[in-house]
2 protein chains.
Amino acid sequence: MSVIDRLVAHAEGYAAEHRDSTPTAEPRLSVAIVVCMDARLSPYAMLGVDEGDAHVIRNAGGIVTADTLRSLAASQHLLGTHSVMVIQHTDCGLSHTTDEAFEQQLRAYTISLPPWALGSFDDLEASIRRSLQLVRSCPFLLHRGDVRGFAFDVESGELNEVV
Amino acid sequence: MSVIDRLVAHAEGYAAEHRDSTPTAEPRLSVAIVVCMDARLSPYAMLGVDEGDAHVIRNAGGIVTADTLRSLAASQHLLGTHSVMVIQHTDCGLSHTTDEAFEQQLRAYTISLPPWALGSFDDLEASIRRSLQLVRSCPFLLHRGDVRGFAFDVESGELNEVV
């Protein structure tokens, strides 16, 4: 049984459970959470968020990219959120390499290079501040007042605000 | 107490719990799951995924964008995943508008238009197939054999494969 088959088998038991809860598309807490895709981070367990509560936007790094801004614009304009939380973390894969080293790694498999850079960083707090700045300066968002950034320490499990 | 303050307060109790589990950065199931940011979808509950198991990549729509491919490239090249699951769903915010209507909505607030399109769709299965095609044709990924797409029905809670 492949991994994806296993996950799909679990989803069969989940259908009834899902039908019994009836959240609406508009997030109950009116918050969008931007967080790294890292396997060790579950925003649900960490923040006590349930289905129906929040938009959860995740990518490599939890960095704010054009796609993150597209998602936040949809979140605010179409589904009424007005707070943004950005969570990046220690020991991130993006902090263990550089954009240049990653390009070299790709070159071993393909001649062309991607139209995007990896987005590596060596200063976690600086990376979070850059992401916050991108949200706060985005003219396509309706709400840019309650935008806060946090560093999650994967060793201690602590979530520390970056100001 | 603001919403974000409430979430942060929950995270304080979570730290000890997190310290007791010690997953590694490499996802245990070697799978990356691309899924819509929708508040009603918890990939953890739906698929029975635990912390440490999988990369979770989320944006508006669960559509594959340049940023999704960046994240998948990082997932495969840096952290050893080799399966990709794409999950989009019925009643998605992106299926209730069009890129043009969304641009009109933005124009009410700003003169400039964003460098990205919303990514709206009216045919869910076609949208999933397009996303799968983008993953399968991406030269910057190491593994493009086990790439599968699913439509989640938010009414019935069922997850149906799109082939």
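Helices (H or I, at least four residues) and strands (E, at least two) are DSSP runs, numbered from the N terminus. This is a predicted model, in which local features need pLDDT of at least 70 and side-chain atom pairs count only at pLDDT 80 or more, while totals for chains, interfaces and linings use all residues. Residues are numbered from 1 along each chain as its sequence is written, chains are lettered from A and ligands numbered from 1 in the order in which they are written, and side-chain values use heavy atoms, with hydrogens and water left out.

Back to that pocket. On a 1 Å grid over the protein atoms alone, a pocket is an open set of points with protein on both sides within 12 Å along at least five of seven lines, whereas a cavity is a set of points where a 1.4 Å probe fits but cannot get out; lining residues have an atom within 4 Å of a point. Grid points are joined across faces, edges and corners, and a volume is the space filled by probe spheres set on the points. The largest pocket comes to about 400 Å³. Its lining counts 23 residues, and Asp67(A), Arg70(A), Thr65(B), Ala66(B) and Asp67(B) lie nearest the centre. At least two lining residues come from each of α3 (66-79) of chain A, α3 (66-79) of chain B and α5 (124-136) of chain B. By class, this lining has 12 nonpolar, 6 polar and 5 charged residues; here Ala, Val, Leu, Ile, Met, Phe, Trp, Tyr, Cys and Pro count as nonpolar, Asp, Glu, Lys and Arg as charged, and the others, Gly among them, as polar.

The second largest pocket has a volume of about 170 Å³. Among the residues lining the second largest pocket are His18(A), Arg19(A), Arg40(B) and Glu155(B). Its lining divides into 3 nonpolar, 4 polar and 4 charged residues.

Now look at where the chains meet. The contact (heavy atoms within 4.5 Å) takes 86 residues from chain A and 86 residues from chain B. The size of an interface is often given as the accessible area lost when the parts come together. Chains A and B bury about 7,100 Å² between them, 67% of it on carbon and sulfur atoms; buried area is the accessible area (1.4 Å probe) that two parts lose on being put together, summed over both. Between the chains there are 2 salt bridges, a salt bridge being a side-chain nitrogen of Lys or Arg within 4 Å of a carboxyl oxygen of Asp or Glu. In one salt bridge, the side chains of Arg148(B) and Asp5(A) meet at 3.0 Å, N to O.

On the side of chain B that touches chain A, the elements giving two or more residues include α1 (3-20), β1 (31-36) and β4 (146-152) of chain B. Of these, α1(B) gives the most, with 12 residues. That side of chain B divides into 51 nonpolar, 21 polar and 14 charged residues.

The structure holds 4 cavities of 30 Å³ or more, and the largest cavity has a volume of about 70 Å³. Residues lining the largest cavity include Cys36(A), Cys92(A), His55(B) and Leu78(B). With 3 residues, α3(B) gives the most to this lining.

Finally, follow chain A by itself. Chain A has 5 helices and 5 strands, which run along the sequence in the pattern α-β-α-β-α-β-α-α-β-β.
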